[in-house]
Amino acid sequence: MFNGIINVYKEKGFTSHDVVAKLRGILRQKKIGHTGTLDPDAEGVLPVCLGSGTKLCDMLTDRSKEYEAVMLLGLCTDTEDISGKVFARHEVAADEANIRDIIMSFVGEYDQIPPMYSAIKINGKKLYELARAGQEIERRPRRVVIDCLEIMEIELPRVKFRVGCQKGTYIRSLCRDIGEKAGCGACMESLVRTRVGEFTLDKAHTLSRISGLAESGDISRIITTVDSCFKAFPSVTVSGRAETLVRNGNMFSETESGVIRQDDAGRDGSEATRQRKDKELFRVYMYGCGGARIFAGIYEFDGSRRAYKPVKMFPGGE
């Protein structure tokens, strides 16, 4: 079974569920999950988790994202994108300078009402299921964060822009809100997700390429290991008594035999002396066959107990 993450380039016409289903066939394994839905008409980066990497799905979903979108001003649809049913058309009275000012006013935090055609659940029902049944219900605004906005091209009524944002932001709804503020309405004409966390568009792979690599036996070349998603964290390697505790998912003290702070260890392999910080996160490794290090999970340092406690374990994490 493969463990890790594949940076998939989701093409137009596929749902995120379609991508997972096809990968299950290509890789011949069931334990696969994606890290955040992309609409069928959208394309771009879709990190897909394999095996023990599926424990990363919620963590990767929380990471910042970047998109390139084309907004069509003056057209309003029920899905908030070009594929929906048109319910209003308006003249675009604002000029280019005003449109620029309006777009840039959305940088920072703002309260966004999610679209009816979304996978958000209310009372156990997905909003898009209710929308398809002809129902529209009141949605509470949610605070979203727009980290940056860059206008790439304006040729009214179209505007192409790049946006960086945090979890829970709908670019369709951002286009809708910009259009409302401009007094003419708007919908999203196209969308490409260019980044999710450290996964970028230039290193994404189409399903056809992934299939070819699987057939040639080279698929491991494009699988990102689980621990690489936490490379910003310092590491600890355990053996002996500490390793036994880690294998059982237990806490271990910093004075336990066999604990080496790998990143700060001296040439002689002695434990590092740098002071750990309370609640500091660490990658924890064990030794496998042949002396190779095996990623065990993420631990948090408890300053009061002078011990490492498990946050999330990844059996077979590498």
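Reply: A crossing of two helices is called left-handed if the near helix is turned anticlockwise from the far one by less than a right angle, and right-handed if it is turned clockwise. The model discussed here is a predicted one.

Me: With which hand does helix 1 pass helix 6, and at roughly what angle do their axes cross?
Reply: Helix 1 spans residues 16–27 and helix 6 spans residues 207–216. Helix 1 passes helix 6 in a right-handed crossing. Their axes come within 10 Å, and the crossing angle is roughly 15°.

Me: At what angle do helix 3 and helix 5 pack, and which residues make the contact?
Reply: Helix 3 (residues 96–104) and helix 5 (residues 171–182) have axes 10 Å apart and pack at an angle of about 130°. That angle makes helix 3 oblique to helix 5. The contact is made by Ile99, Ile102 and Ile103 of helix 3 with Ile178, Lys181 and Ala182 of helix 5.

Me: Where on helix 7 do its buried residues lie, and against which strands do they pack?
Reply: In helix 7, residues 240–247, the residues Ala242, Glu243, Leu245 and Val246 are buried. They cover an arc of only 160° around the axis, so they lie on the same side of helix 7. The buried residues of helix 7 pack against strand 15, strand 16, strand 17, strand 18, strand 19 and strand 20.

Me: Which side chains make polar contacts with the side chain of arginine 162?
Reply: Arginine 162 lies in strand 11, and its relative accessible area of 24% makes it partly exposed. Outside its sequence neighbourhood, arginine 162 touches several residues, including Tyr67, Cys148 and Leu149. Its side chain makes a polar contact at 3.0 Å with the side chain of glutamate 68. Another polar contact, at 2.5 Å, is with the side chain of glutamate 150.

Me: Is glutamate 80 buried or exposed, and what is its phi?
Reply: Glutamate 80 is found in the loop between strand 5 and strand 6. Because its relative accessible area is 7%, glutamate 80 is buried. Most residues other than glycine have a negative phi. The phi of glutamate 80 is positive, near 70°.

Me: What is the phi of arginine 306, and what is its relative accessible area?
Reply: Arginine 306 is in the loop between strand 19 (293–302) and strand 20 (307–313). Although arginine 306 is not a glycine, its phi is positive, about 55°. Arginine 306 is partly exposed, with a relative accessible area of 28%.

Key
Residues are numbered from 1 along each chain as its sequence is written. This is a predicted model: local features need pLDDT of at least 70, side-chain atom pairs count only at pLDDT 80 or more; totals for chains, interfaces and linings use all residues. Side-chain values use heavy atoms; hydrogens and water are left out. Helices (H or I, at least four residues) and strands (E, at least two) are DSSP runs, numbered from the N terminus. Buried means under 20% relative accessible area, exposed over 50%, partly exposed in between (1.4 Å probe, protein chains only). Contact means heavy atoms within 4.5 Å. A polar contact is a pair of N or O atoms within 3.5 Å; within protein, one must be able to donate a hydrogen and the other to accept it, and residues adjacent in sequence count only if both atoms are side-chain atoms. The arc is that of the directions from the helix axis to the C-beta atoms. Axes are lines fitted to C-alpha atoms, for helices over the stretch in contact, and angles run from 0 to 180 degrees between N-to-C directions. Angles under 35 degrees count as roughly parallel, over 145 as roughly antiparallel, 65 to 115 as roughly perpendicular and the rest as oblique. Lists of a residue's contacts leave out its neighbours within four places in sequence.
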